[in-house]
Amino acid sequence: MAFRKLEPDPRKREGDVLALWAERDVFRRSVEERRGGPRYVFYEGPPTANGRPHIGHLLARLQKDLFPRYKTMRGCCVPRKAGWDCHGLPVELEVEKELGISTKAEIERYGVEAFVERCKASVRRYIGAWEDMIRRLGFWIDLEHPYVTLSDDYIETLWWELKEIHRRGLLYPGHKILPYCPRCGTSLSSHEVAQGYDRVADPSVYLRMPLADDPGVSLLVWTTTPWTLPANVALAVHPREVYAEVALDGERLVLARDRVEAVLGGRGNVLREFPGSDLLGKGYLPLYPLAQGGRAYTVVGAEFVSMEEGTGIVHIAPAFGEEDHELGKAVGLPLLQPVDRSGRFTDAFPLARGEFVKDADPKIIADLRDRGRLFRAETVEHDYPFCWRCDTPLLYYAMESWFIATTQAKEEILAEAETIAWYPEHVGSGRFGDFLASMRDWALSRDRYWGTPLPVWTCGRCGALEVVGSRGELVERAVDPDLARTVELHRPYIDRVELRCPCGGTMRRLPYVLDTWFDSGSMHTAQWHYPFENVDEFRASYPADFISEGLDQTRGWFYTLLVTGVLLHGKAPYRNVLVTGMGLDAQGQKMSKSRGNVLDPMPIVEEHGADAVRWYLASESAPWNERRYSAEGARQARFGFLETVRNCHDFFALYAGIDGFTPETPVPEPPARPALDRWLLSRLGAAVGEATAALEGYDPFRATRAIAAFVDDLSNWYIRLSRPRFWGEGLPEDKRAAYGTLYEALRTLALLLAPFTPFLAEALWLSLRREGDLDSVHLAPWPEPFPQDRALEEQMHRVREVASLALGARNLAKVKVRQPLPSLHVLRRPGDEAVPEELWDLVKAEVNVREVVLVDDLAPFRSPKVSPEFRVLGPRHGPRAPRIGAALARMDPAAVAAALARDGRVPIPGEGVELASDEVKVTWEPKAGFSLVEEREGAVALDLRIDDELRAEGDLRELVHRLQLLRKEAGFEVTDRIALGYAGDLGELFHRFGDRIRDEVLAVELLPGSLDGADHGAELEVHGRSGRVWLKRVGR
RNA sequence: GGGUCUGUAGCUCAGGUGGUUAGAGCGCACGCCUGAUAAGCGUGAGGUCCCUGGUUCGACUCCAGGCAGGCCCA
């Protein structure tokens, strides 16, 4: 097994790994080979198959891959069943767009059967796109055996669930005010409405409602939905609040006392005040007298009337508001419905017949103005719900719908919700908790075509209801059992199945389909076709240990999963939820298909590789933070991190290949290795420990930080300083220690990276694995944490800082590192004595000095300069300041500085004053021949005095450097042996340092004069000596 | 209007039980190094830590109020 350099092109490298995974069946084995281990249950939140994946989907998808991979390496068995959410309005909408139609009438005309078939085709197409993305990014999930919500088996389980819920008395038909999309022609559930609020400008109008028995007095009413005014049948006041009659510009207006200031802005005179109850029962002149009799057009009392907005007098339209509807039922108001199912006014309201209600607002306002009923009209900005899929403004409508009585199980659901661990925690306690607290019954039915059919049949004769819980029951009760046995459980096919009623009548199915969130929310059970099949599988996989989706699923899947889980199985269906932040575009706008600002990840993956995208997503920020996406992030992950890892490996592979090092080569035990090696192992131990702890706490970002810090240490310190250890011949003990350390570091790094960048990790593993190791890193066990040597890490930290200061000192003095210098003086710090000589030796090599000396005083290397601080001196000493300054300048600066340091002041001879430290500015300058750096991190003085010997050494290094460059220019391998010819003044250096030059540049011959058949040659100039050299490859 | 999260360098983001001079990466400038080489290192410039008020010896951090953005609710 030879180490070999990794494929540098990420696309090719990852392609090879994908092929290898397929060939060796690695994913399946990673599950099957863990069958004996503890089960770690993961649930896939099914993507809706109505659009292509975008980069915002990747963040949650990454978590859903990363944690199962990690847990697998920890020894758990983690089956991962893929799933696809196939039903619902989103899919219908896609097909409508394809067909260029937009109403239910058009669908009926096109034919429901053909329409449904197109829905299936659309779903298949998008599933294909998702599968491609999932495979390419190395997201391991069983795509061969997914749960598919459109399958008859899946539907059958949903029917069983509904029957169970019905048996508990929690499924019921109701007539309620529901948010309704006039374009889609169906009501929506509260979690669907929650998806679609948007800020809009709506009219805000105040209207006069003259009293029937005293038309000189008008009740003042406020609304933001003028289109609901034709359906007005009453006004509501709060019986216990105080109302006021106000005279204004010759008219008399009634409104709540607390609203007078806000509405009239201080104009008008309050004539009298009275309780709201005084108004009850009074009649008023309707705006549009469409209703007759009863208590129409009178004032009623209601507790919900608010003193926070409006006028304290509320317009009541029972057809269009939930509270209005309840109130109407309670006090017996007529229900006016002048709007049809498509959101257009009917003949009942001729003024705007056939117009979409929201479009009719201006016409209604104009009409009321003409008739003197309009008091004021303005515009307000507020949030209004829109259909989450087609962006049509929702209307609140009195509708028939089927409900699940979730509120009946509220206590149980809340109690179970307490058992769930949320990451980050606040989502569970705040957002999710709030939503549960305001729970409403689940409006389950939809008036649509493509979905799970509601399994409820009714008898045309006696009106009996039957909830069917399985295909078996269907066959048993069907008029045509053969049809029932084979029929597809979708509309329109299922609608052809009629049942026999005990009364002798025929039962037909109610034409509803289910809220698609019921489909996905039931996957815990329906993915197994439980209870008809796979009973053991179901039991072993409920509840899930881990789910992860975007924050927007709080009211979506997280909610419906919980509700169905608790109702059916009495237990929360998941234990840990990792919530990912929403994806924003580079401008900070939410990425969404409708805004057209989605970023397609695939071109980025093609350019930089899946690992780069994965590492970018994982290492940028905590997963729950929202984030702005850009291709630049993936580029940085690639060149800033992945390429460094590859480089480290390739460095190792290059030299291990040259020396014939293998994993079986004996290496010294770690305690017997140099401090540099022991330091790296300690740092490795830290990385393993931190990454493990972070992943156990569902914080992958922290894990990436620990790993990235380790890679930085590995590349920029360990390998950089260790390079000379690899250059000599053979395999002496120190070299074997270096190989052993570097090998262990890279091998462990491959394991740590496996969940994050599975392709690069695999490529590393394949190069590095030992005889007998598993044939994939993803089958290998996660590294065990091991102890650190914290003292050594601190000492290394100290010497790295010293080296950095010393390089800074070189920089200041403009002396190249190649030029050796005699000494580096380091201002001693506590603990420096304990730093082993070995570490100071690293500093010597890094800084290229002959010795490192600890000193207690910088005095030998610097001298003070003192100058008067006139800004302080002036105000204190007035006209004497210049003379004091001059006197100070004549004094010995060292003495002044010493006095100030000792006493905090210094007497000025002849002036009779003492100057305080703030009156004298002391600056330090290095003495001649030294370069000085003082920072918070420490202080060093670099001795710059170069003697002839050092100078010559510098020249040698310069020459060697040039020769190495020439070797490279000539295209030689690092192991090639060469012959060297030289001419000119340079010859002196060759004569003086012949042996060392031979060793450094692998020259077997050094010959004065030109070289026959040379591969390369050049003019060189080193420190005033010029000449020419020739290089020729003679062997390897 | 309410809840919640976020606001720190040009960009993407860390951070701190309240304590000298607030960090990283990228980008920029200058320099270095190069037997890992389409790499690597150092130095520098760049910050009212969103604003206001409070608590405190001391606030970027805690508290209150506000502003801006995201998500959610009404």
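Good morning. Because the model is predicted, local features need pLDDT of at least 70 and side-chain atom pairs count only at pLDDT 80 or more, while totals for chains, interfaces and linings use all residues. Residues are numbered from 1 along each chain as its sequence is written, chains are lettered from A and ligands numbered from 1 in the order in which they are written, and side-chain values use heavy atoms, with hydrogens and water left out. Helices (H or I, at least four residues) and strands (E, at least two) are DSSP runs, numbered from the N terminus.

I begin with the helices. Two packed helices are described by the angle between their axes and the distance between the axes. Axes here are lines fitted to C-alpha atoms, for helices over the stretch in contact, and angles run from 0 to 180 degrees between N-to-C directions. Helix α23, residues 675-696, and helix α24, residues 700-722, have axes that come within 7 Å and cross at roughly 170°. The two are therefore roughly antiparallel to each other; angles under 35 degrees count as roughly parallel, over 145 as roughly antiparallel, 65 to 115 as roughly perpendicular and the rest as oblique. The residues of the contact of α23 with α24 comprise 19 nonpolar, one polar and five charged. In this classification, Ala, Val, Leu, Ile, Met, Phe, Trp, Tyr, Cys and Pro count as nonpolar, Asp, Glu, Lys and Arg as charged, and the others, Gly among them, as polar.

How does helix α22 cross α24? The axes of α22, residues 631-659, and α24 come within 10 Å at a crossing of roughly 45°, which makes α22 oblique to α24. On the α22 side, the contact (heavy atoms within 4.5 Å) is made by residues including Phe641, Val645 and Phe651; on the α24 side, Ile707, Val711 and Leu714 are among them. By class, this contact of α22 with α24 has nine nonpolar, two polar and no charged residues.

Helix α26, residues 758-768, is mostly covered, with 11 of its 11 residues buried; buried means under 20% relative accessible area, exposed over 50%, and partly exposed in between, with a 1.4 Å probe and protein chains only. Among the buried residues of α26 are Glu762 and Trp765. The buried residues of α26 pack against α1, α3, α6, α21, α22 and α25.

I turn now to the strands. Two strands pair if DSSP finds at least two bridges between them. Strand β9, residues 251-256, has five of its six residues buried. Three bridges join β6 to β9 in parallel, with Val217 partnered by Arg252 in β9. Six bridges join β8 to β9, and these run antiparallel. β8 and β9 form a hairpin with two residues between them, and Asp249 in the turn has a positive phi of about 45°.

Finally, two open sheets. Four strands in the order β19-β18-β21-β20 form an open sheet with antiparallel pairing, and its edge strands are β19 and β20. A further open sheet of four strands has the order β36-β35-β38-β37, with mixed pairing. β36 and β37 stand at its edges, each with a single partner strand, so one side of each is left without a neighbour in the sheet. The twist averages 25° from one strand to the next. Seven bridges join β37 to β38, which run antiparallel, and His1016 has Leu1031 as its bridge partner in β38. Helix α32, residues 948-970, lies across β35, β37 and β38, running at about 155° to β37.
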